[in-house]
Amino acid sequence: MGAGFVAILAVELHFPDASSLKGKRHFVRSARDTLRHRFGASVAEVDHHDLWQRAALTVACVARTAGDADELADGAERWLRGQEWEVALVERFLIDPED
């Protein structure tokens, strides 16, 4: 039985318009909710919790094939880059749980 594939994006975001932690939380919540609903992704804020203009997110997209997982990650990255914040860094990993 195939286990599927997981595409992981490690993303650093910069929010130049955030002037407080409350403002940052608004942007992070928007990103998290949209990535979940649009791409079926699991999203966690993993670093920079006390900085109000930066966030590090890990985004995981699970699919049956490597190509499908890659397509989900491509869409998620494209969406992130098209928003009002700046994408400072993206690292991508594709994991085959059977390896």
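Here is a short tour of the model, stop by stop.

Before you click anything: this is a predicted model, where local features need pLDDT of at least 70, side-chain atom pairs count only at pLDDT 80 or more, and totals for chains, interfaces and linings use all residues. Residues are numbered from 1 along each chain as its sequence is written, and side-chain values use heavy atoms, with hydrogens and water left out.

**Whole chain.** Start in cartoon view. (Helices, H or I of at least four residues, and strands, E of at least two, are DSSP runs numbered from the N terminus.) The C-alpha trace spans about 50 × 20 × 20 Å along its principal axes. Of the 99 residues, 36% are buried, meaning under 20% relative accessible area with a 1.4 Å probe, protein chains only; exposed is over 50%, and partly exposed is in between.

**Phe15.** Select this one next and show its side chain. Phe15 counts as buried, at 1% relative accessibility. Leaving out residues up to four places away in sequence, Phe15 touches Lys24, Phe27, Val28, Gln53, Arg54, Ala55 and Trp85; a contact here is heavy atoms within 4.5 Å.

What kind of aromatic pair do Phe15 and Phe27 form? They are stacked, 5.2 Å centre to centre with 5 degrees between the planes. (Rings of Phe, Tyr and Trp, using its six-membered ring, pair if their centres lie within 6.5 Å; planes under 30 degrees apart are stacked, over 60 edge-to-face, the rest tilted.) Phe15 sits in the loop between strand 1 (5–14) and helix 1 (21–39) and Phe27 in helix 1, so this pair ties together parts 12 residues apart in sequence.

Trp85 is in the loop between helix 2 (66–81) and strand 4 (86–95), 70 residues from Phe15. Trp85 is also buried, at 5% relative accessibility. Now bring in Trp79: Phe15, Phe27, Trp79 and Trp85 form one aromatic cluster.

**Last stop, His48.** Look in the loop between strand 2 (42–47) and strand 3 (54–63). His48 has a positive phi of about 65 degrees, although it is not a glycine. His48 is buried too, with a relative accessible area of 12%.
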